[in-house]
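Q: Please take a close look at one part of this model: the helix packing. Go through it contact by contact, and define the terms as you use them.

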Amino acid sequence: LLRVQQRLAYLLPQIPQEARDLGLVHLRLGQPHKALPMLETYLRVCGSEQAAALQPSLQAAKRMLAESN
């Protein structure tokens, strides 16, 4: 799944959802340092409903980063 999503994000940089999805894959793989920048970038361009839906993932990524430091 990671390789497929990496390819999609690379081939479709104009579609912010692909970068968001790659960030979510990184998060699920326990890589918050890779996930957080992608999720924060998506947060700047998405609508309020999408931003609200993304908040739990952003909080999880930040928590995982804090715990690893």
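A: Contact here means heavy atoms within 4.5 Å. The model is predicted, so local features need pLDDT of at least 70, side-chain atom pairs count only at pLDDT 80 or more, and totals for chains, interfaces and linings use all residues. Residues are numbered from 1 along each chain as its sequence is written, and side-chain values use heavy atoms, with hydrogens and water left out.

Some conventions come next. Helices (H or I, at least four residues) and strands (E, at least two) are DSSP runs, numbered from the N terminus. Two packed helices are described by the angle between their axes and the distance between the axes. Axes are lines fitted to C-alpha atoms, for helices over the stretch in contact, and angles run from 0 to 180 degrees between N-to-C directions. Under 35 degrees is roughly parallel, over 145 roughly antiparallel, 65 to 115 roughly perpendicular, and the rest oblique. A crossing is left-handed if the near helix is turned anticlockwise from the far one by less than a right angle, and right-handed if clockwise.

Start with H2 and H3. Their axes come within 8 Å and cross at roughly 150 degrees. H2 and H3 are therefore roughly antiparallel to each other. Their crossing is left-handed. From H2, the contact takes in Pro 16, Gln 17, Ala 19, Arg 20, Leu 22, Gly 23, Leu 24, His 26 and Leu 27. From H3 come Lys 34, Ala 35, Met 38, Leu 39, Tyr 42 and Val 45. Sorted by class, this contact has ten nonpolar, three polar and two charged residues. The classes are simple: Ala, Val, Leu, Ile, Met, Phe, Trp, Tyr, Cys and Pro are nonpolar, Asp, Glu, Lys and Arg are charged, and the others, Gly among them, are polar.

Next, H3 against H4. These two pack at an angle of about 155 degrees, with axes 9 Å apart. That makes H3 roughly antiparallel to H4. H3 passes H4 in a left-handed crossing. H3 contributes Pro 32, His 33, Leu 36, Leu 39, Glu 40, Tyr 42 and Leu 43 to the contact. H4 contributes Gln 50, Ala 51, Leu 54, Gln 55, Ser 57, Leu 58, Ala 61, Lys 62, Met 64 and Leu 65. By class, the contact of H3 with H4 has eleven nonpolar, four polar and two charged residues.

Now H2 (residues 16-28) and H4 (residues 48-68): their axes come within 11 Å and cross at roughly 45 degrees. That makes H2 oblique to H4. The crossing of this pair is left-handed. Arg 20, Leu 24 and Leu 27 of H2 meet Leu 54, Ser 57, Ala 60, Ala 61 and Met 64 of H4. This contact of H2 with H4 has six nonpolar, one polar and one charged residues.

Turn to single residues. Arg 20 lies in H2. Leaving aside residues up to four places away in sequence, Arg 20 touches Leu 39, Tyr 42 and Leu 54. Arg 20 and Leu 39 are 19 residues apart in sequence and 5.4 Å apart in space, C-alpha to C-alpha. The side chain of Arg 20 also makes a polar contact with the side chain of Asp 21, at 2.8 Å. A polar contact is a pair of N or O atoms within 3.5 Å; within protein, one must be able to donate a hydrogen and the other to accept it, and residues adjacent in sequence count only if both atoms are side-chain atoms.

Pro 32 lies in H3. Pro 32 is buried, at 6% relative accessible area. Buried means under 20%, exposed over 50%, and partly exposed in between (1.4 Å probe, protein chains only). Beyond residues up to four places away in sequence, Pro 32 touches Pro 37, Ala 61, Met 64 and Leu 65.

Gly 30 sits in the loop between H2 and H3 (32-45). Gly 30 counts as partly exposed, at 41% relative accessibility. Gly 30 and Met 64 are 34 residues apart in sequence and 8.0 Å apart in space, C-alpha to C-alpha.

Arg 44 is in H3. At 64% relative accessibility, Arg 44 counts as exposed.

Finally, H1 (residues 2-11) holds Gln 5. Gln 5 is buried, with a relative accessible area of 8%. Not counting residues up to four places away in sequence, Gln 5 touches Glu 18, Asp 21, Leu 22 and Val 25.
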